[in-house]
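Subject: Handover of a structure and notes on its features

Dear colleague,

Please find below the structure I am passing on to you, together with its sequence. I would be grateful if you could read the notes that follow it alongside the coordinates.

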Amino acid sequence: MSALDELVSRRRSRIWTPVAVAVSLLIGALVAWAAVARFDEVAVAMGEVVPRGNVKVIQHLEGGIIDSLNVREGDRVRQGDLLAILVLGANRLNTQEIEVRVSSLALRRERLLAEASGDDFASTADGGPGALAEAERRTLEARRTELGSSLSVIASQIEQTHQSVRELQARAASVEKELALSRRKFAMSANLLKDGLTSKLSHIEAESEL
């Protein structure tokens, strides 16, 4: 044994030995616990749930009062399930409005067909109100009057164009006659100038007129 080992063996403290053993055991226990233990991790974040398919908006056309609601938030539903019962505020009134709307559209259809074909409009569209039929009849008459006025204006414009064409044709005929006369006059002047029977100035005037 060396002198250093002998010195250490003589100066070894008996107090630190249990402490070192306890610390070693504690460290080993902590390492073993960290290897097998599980921690619950909680993360807080803002997000938005987006459906994979198309979003369907459920909306009633006429409105009303919900009598009973058969589903709650988070329930799974299938096609055809009864979700809610809606009570209309005025069933009879809505029915009458729909009937009037249908009659009005049928009358408008007949009026447009009569306007396109030129036939008379004398139908009430399957028992539709007489006031609606009369309103469509007045509309048809007003449309035909407007069409007649437009046709009259177009016919007047066509007649004016024909008149302008006739005037241009008359002017063209007159110019052709004057041109033929000027050519004859120029030819006669050329012959007279050749024979010395006219002056050169008169011949230049005839050429300028041509």
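The notes below begin with the overall layout and then turn to individual regions.

Overall layout

Please bear in mind that this is a predicted model. The protein chain contains 5 helices and 2 strands, and their order along the sequence is α-α-β-β-α-α-α. Of the 210 residues in the chain, 8% are buried. The accessible surface of the chain amounts to about 19,000 Å², and carbon and sulfur atoms account for 57% of that surface. When contacts between residues at least 6 apart in sequence are considered, 37% of them join residues at least 24 apart.

Helix α4

Helix α4 covers residues 130–195, which is 66 residues. From its first C-alpha to its last it reaches 97 Å, close to the 98 Å expected at 1.5 Å a residue. The buried residues of this helix are Ala 133, Glu 136, Leu 140, Ser 182 and Ser 189. Ala 187 also belongs to α4; with a relative accessible area of 38%, Ala 187 is partly exposed. Its C-alpha lies 9.1 Å from that of Ala 206, a residue 19 positions away in sequence. Just after the helix, Gly 196 adopts a positive phi of about 75°.

The nonpolar core

Which residues make up the largest nonpolar core? It consists of 5 residues, namely Leu 107, Ala 114, Phe 121, Ala 133 and Leu 140. Helices α3 (91–117) and α4 are the elements that give two or more residues to this core. Ala 114 illustrates the arrangement: leaving aside neighbours within four places in sequence, Ala 114 is in contact with Asp 119, Asp 120, Phe 121, Leu 140 and Arg 144. Two of these partners, Phe 121 and Leu 140, are members of the core as well.

Salt bridges

The structure holds 6 salt bridges.

Glu 115 takes part in a salt bridge with Arg 111, at 3.4 Å from N to O. Both residues lie in helix α3 and are 4 residues apart, about one turn of the helix. Is Arg 111 buried or partly exposed? Arg 111 counts as buried because its relative accessibility is 11%, under the 20% cut-off. Glu 115, by contrast, is partly exposed, with a relative accessible area of 26%.

Glu 115 also forms a salt bridge with Arg 143, and here the closest N and O atoms are 2.8 Å apart. Arg 143 lies in helix α4 and Glu 115 in helix α3, so this pair ties together parts that are 28 residues apart in sequence. Arg 143 counts as partly exposed, at 41% relative accessibility.

A further salt bridge joins the side chains of Glu 159 and Arg 166, at 3.3 Å from N to O. Both partners are partly exposed: Glu 159 has a relative accessibility of 43%, and Arg 166 has a relative accessible area of 40%. As for bridges that share partners, these join Arg 111, Glu 115, Glu 136 and Arg 143 into one network.

The loop between the strands

Val 71 is found in the loop between β1 (65–69) and β2 (84–87). At 25% relative accessibility, Val 71 counts as partly exposed. Apart from neighbours within four places in sequence, Val 71 is in contact with Val 77 and Leu 83. The C-alpha atoms of Val 71 and Asp 81 are separated by 9.6 Å, the two residues being 10 apart along the chain.

A nonpolar surface patch

Val 19, Val 23, Ile 27 and Val 31 together make a nonpolar surface patch of about 330 Å². One of these residues, Ile 27, lies in helix α2 (residues 16–36). Ile 27 counts as partly exposed because its relative accessibility is 48%, which falls between the 20% and 50% limits.

Yours sincerely

Terms used
Residues numbered from 1 in each chain as written. Predicted model: local features only at pLDDT ≥ 70, side-chain atom pairs only at ≥ 80, totals over all residues. Heavy atoms only, no water. Patch = residues over 30% accessible without salt bridge, like charges linked within 9 Å, V, L, I, M, F, W, Y side chains within 5 Å. Areas by Shrake-Rupley, 256 points an atom, 1.4 Å probe, with all protein chains shown as cover. Salt bridge = Lys/Arg side-chain N within 4 Å of Asp/Glu carboxyl O. Buried < 20%, exposed > 50% of the residue type's maximum accessible area, 1.4 Å probe, protein only. Expected span 1.5 Å × (residues − 1). Contact = heavy atoms within 4.5 Å. Core = buried A, V, L, I, M, F, W, Y, C linked by side-chain atoms within 4.5 Å.
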